[in-house]
Amino acid sequence: MRANTYAIPIRTTMLGLLGVALIALGGMGAGAILERDPLLAQVGLSWLRYGHGRDLASMVLYLGLGLVIWAWIRLGRLVRWGEIGDFAVLVAVTVWTLPLLFAPPLFSKDIYSYLAQGQLALSGYDPYTVGPAVLQSTLSENVSWVWQHTPAPYGPLFILIAKAIVWITDASVILGVVAMRFSLAGGLVLLCWALPGLSRHLGGKSAIALWLVAANPLVLIHLIGGAHNDVLMIGLMAAGVLLVLDRRHVLGFVLLALAFSVKATAVLVVPFLVWIWAARLDGDKRAQFRKALLPGLAAFLGTFAVCTVIAGVNLGWIPALRSSSMIINWLSVPSAVGDFVRMVVNWFVYVDGGIFIGVARALGSVVLVWIAYTQWWAARDGEVRDAIRRGALTMLAVALLSPATLPWYFTWPLALAAGFAWSTAGLVTMTVASLFLLLVTFPNGDTALYSWGYLFFALVVSGLAARSLVKPDPFGLSSRYE
């Protein structure tokens, strides 16, 4: 069936809008709220932060989350059936994003770290050597205790953005949260621009790609609501990849350098794009590689150097990347294996668990390097779909095998892979994974990965939603679905 180019499913779009509005409302008490919230105090809503008020806020938030999931599934069915196209998905993304721009931080406190790191740079400190605790400010007091003494692991462009936001908002926490969200939402705009082009090159359907990534609750709730700089990184990365595929190689590498200057993960796809560029040039394999590598490096390193100079920082963020190893959870395969072995051994004799975690992570790093190299070398023919597929697999391996993994890390490979042709089974799998990863964090930012009863409930909800994607009204309760 040919989609009506400008058809908009009004009820589905409004259902999602109601959901995000309830999430924003419930987030006032159940989200990653401020230690002291003057706004709630002024309007007499401080009671939402405690006791029954917080319980009520949590109920409202989870009700909204359920409506958003329902709306996303309904939208996905319409896309799969060919009843709507890109325009309808883009309208839904826009409508569902707007309330989240003004909501309290949701499912993460990382945005407070971002603002504090900007204040460090603005105050003359080196954010790559000291943590927010040295500030003793309103911004730093809201940073999670885990990151109070941790240097910033983000690139110079992001430090520059955070520094500018703190300056513009005069270090206001509330205005800073909103301003940071608007800055990061630029990544979502780039993603929406890039996905149709990537689908054209990779053989997929653009409406499916937009639904799978841009409208995905994992992206909207975690990356926009949670205000993670990953959304800016993947937006710049996707746009850079598209430019390279469109034969605008130098500009593409410039955007990839900007993505890297936000978060280091973006560099993973660059070597695969060198093969694509090289395959389009004259000469033997070595000459092709050299002709692509040299200008690519010049564009990439030159852009990165400019960002570093303008931001007034150094390369200290590279070693600071190790700070994430403080996180231990079972989404990281090496951490999960190490922790499981520690548990089994300690049934019989007590041994410091750090030994097992350290060994498992070291082995995981070796496996990761092997996977990255073999995937890169296998892509040396420069065939576009093969190279991008292998680049996405490498990003997935990084998310799984890094010492620390957080739920939204899986949006990295998804942004690259969304443009491929997806089977029904593939879409169902991605739906289950996306919704489960969405739900494994509590609204206040605490992990739910060890609340086994809650995880079972999350898995059931995710599976039911995925079934509903291909079998409307799975319980047979109604004859009308949309």
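Visitor: Where does A171 sit?
Guide: A171 is in the loop between α7 and α8 (173-202), with helices being DSSP runs of H or I of at least four residues, and strands runs of E of at least two, numbered from the N terminus. This is a predicted model, where local features need pLDDT of at least 70, side-chain atom pairs count only at pLDDT 80 or more, and totals for chains, interfaces and linings use all residues. Residues are numbered from 1 along each chain as its sequence is written, and side-chain values use heavy atoms, leaving out hydrogens and water.

Visitor: What's the phi of A171?
Guide: Near 60°, a positive value in a residue other than glycine. Most residues other than glycine have a negative phi.

Visitor: And how accessible is A171?
Guide: A171 has 25% relative accessibility and counts as partly exposed. Buried means under 20% relative accessible area, exposed over 50%, and partly exposed in between (1.4 Å probe, protein chains only).

Visitor: What about Q136, buried or exposed?
Guide: Exposed, with a relative accessible area of 70%. Q136 also has a positive phi, about 55°, although it is not a glycine. Its place is in the loop between α5 (110-122) and α6 (138-141).

Visitor: Switching to helices. How many helices and strands does the chain have?
Guide: 21 helices and zero strands.

Visitor: What span should α14 have, and what does the model give?
Guide: Helix α14 (residues 285-311) has 27 residues, so at 1.5 Å a residue it should span 39 Å. The end C-alpha atoms of α14 are 38 Å apart, which agrees. The expected span is 1.5 Å times one less than the number of residues.

Visitor: Which residues of α14 are buried?
Guide: Among them are A292, G296, A299, F300, T303, F304 and C307.

Visitor: What covers the buried residues of α14?
Guide: The cover includes α7 (156-168), α12 (249-260), α13 (270-279) and α15 (317-320), going by contacts, meaning heavy atoms within 4.5 Å.

Visitor: Zooming out, what's the radius of gyration?
Guide: The chain has 22 Å. With 482 residues, a compact globule would be near 23 Å, so the value agrees. The radius is taken over C-alpha atoms, and the globule rule is 2.2 Å times the number of residues to the power 0.38. Along its principal axes, the C-alpha trace spans about 70 × 60 × 60 Å.

Visitor: How much of the chain is buried?
Guide: Buried residues make up 56% of the 482 residues.

Visitor: What share of contacts joins residues at least 24 apart?
Guide: 74%, among contacts between residues at least 6 apart in sequence.
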